[in-house]
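Here are some quick notes to go with the model below. Have a look at the fold, then read on.

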Amino acid sequence: MSIKEISNSAEDIKTLQAIAKQTFTETFGSQNTAEDLAKFFNEEYDFDKLKAEVENPESFYYFYYFEDELAGYLKLNVGAAQTESDYPEALEIQRIYVLQKYQGKRIGLAMMQQALAIAEELKKPQVWLGVWENNFKAQAFYQKSGFKKVGSHDFILGDDRQTDHILLKTL
C-alpha cells in the first residue's frame, strides 16, 4: 500500500472527483435517489470546490493505493476548515472512503492510523467525525478504533435531510 498527498493539479482534482463520486455511490447509492445523489455531487464534488478544499492549508487530502491501483482517499480538517465548530482544537476526519473492491484489505485501518498520527503530530487532543446513522459497518469500525458517540447533526444529501452521529476519540 502507498499513500500520496493530493495536489491541486487538474489531474489530481479530476481523479479525486471521480473516486469521491464512485465511493459515495458504492456506499450510499442504493439508499438514496439518483436525483439527491446528483444534486449532492454537483454541490460537494464540483471541480472548483474540490480544488479550493485541496488548496486550503487547514485541510489534508490523501490518495491510497493498493498494488499501484487507486483504492481510496482520506480528507482531514483542522481549525476553520472543520465542518463543525464544536471541537476547535480537534482534528476532523471528514472523508474516509475505500472502493468496494478494496474493502477488507486494511486500507481503512491504514487511513485511520494516519489520521491519528497526524492528530498527534499536530498536538490535537481529540479526533472527531460524522457517520450516517444507518452506516452500521462504519460505526462498528469507528467503535473498534475507540470513538464514542457524543451527539448528532444534520447531513443534507440533495433534498434529503439525514442524521449523522458525531463520534469523538480523545488522544
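A word on terms before the points: a residue is called buried under 20% relative accessible area, exposed over 50%, and partly exposed in between (1.4 Å probe, protein chains only). Keep in mind that this is a predicted model, where local features need pLDDT of at least 70, side-chain atom pairs count only at pLDDT 80 or more, and totals for chains, interfaces and linings use all residues. Numbering starts from 1 along each chain as its sequence is written, and side-chain values use heavy atoms, with hydrogens and water left out.

1. Start with Ala20. At 1% relative accessibility, Ala20 counts as buried. Ala20 sits in helix α1 (residues 10-28); helices (H or I, at least four residues) and strands (E, at least two) are DSSP runs, numbered from the N terminus. Beyond its neighbours within four places in sequence, Ala20 is in contact (heavy atoms within 4.5 Å) with Tyr45 and Tyr73.

2. Next, the nonpolar core, meaning a set of buried Ala, Val, Leu, Ile, Met, Phe, Trp, Tyr and Cys residues joined through side-chain atoms within 4.5 Å. The largest one has 49 residues, of which Phe24, Tyr73, Leu76, Ile93 and Tyr142 touch the most other members. Helix α4 (residues 107-121) gives the most to this core, with eight residues. Apart from it there is another core of five residues, including Trp128 and Ile166.

3. Now the sheet. Seven strands form an open sheet with mixed pairing, in the order β1-β2-β3-β4-β5-β7-β6; two strands pair if DSSP finds at least two bridges between them. Since β1 (2-5) and β6 (148-157) are at the edges with a single partner strand each, one side of each is left without a neighbour in the sheet. β1 runs antiparallel to β2 (residues 59-66), with four bridges joining them, and Ser2 stands opposite Tyr65 in β2.

4. Two helices pack on that sheet. Helix α2 (residues 34-44) touches β4 (91-98), β6 and β7 (160-170), and its direction makes about 100° with that of β6. Helix α3 (residues 47-55) touches β2, β3 (69-77) and β4, with about 100° between its direction and that of β2. Axes here are lines fitted to C-alpha atoms, for helices over the stretch in contact, and angles run from 0 to 180 degrees between N-to-C directions.

5. Which backbone angle is worth a look at Asp68? Its phi is positive, about 65°, although Asp68 is not a glycine. Asp68 is in the loop between β2 and β3 and counts as exposed at 73% relative accessibility.
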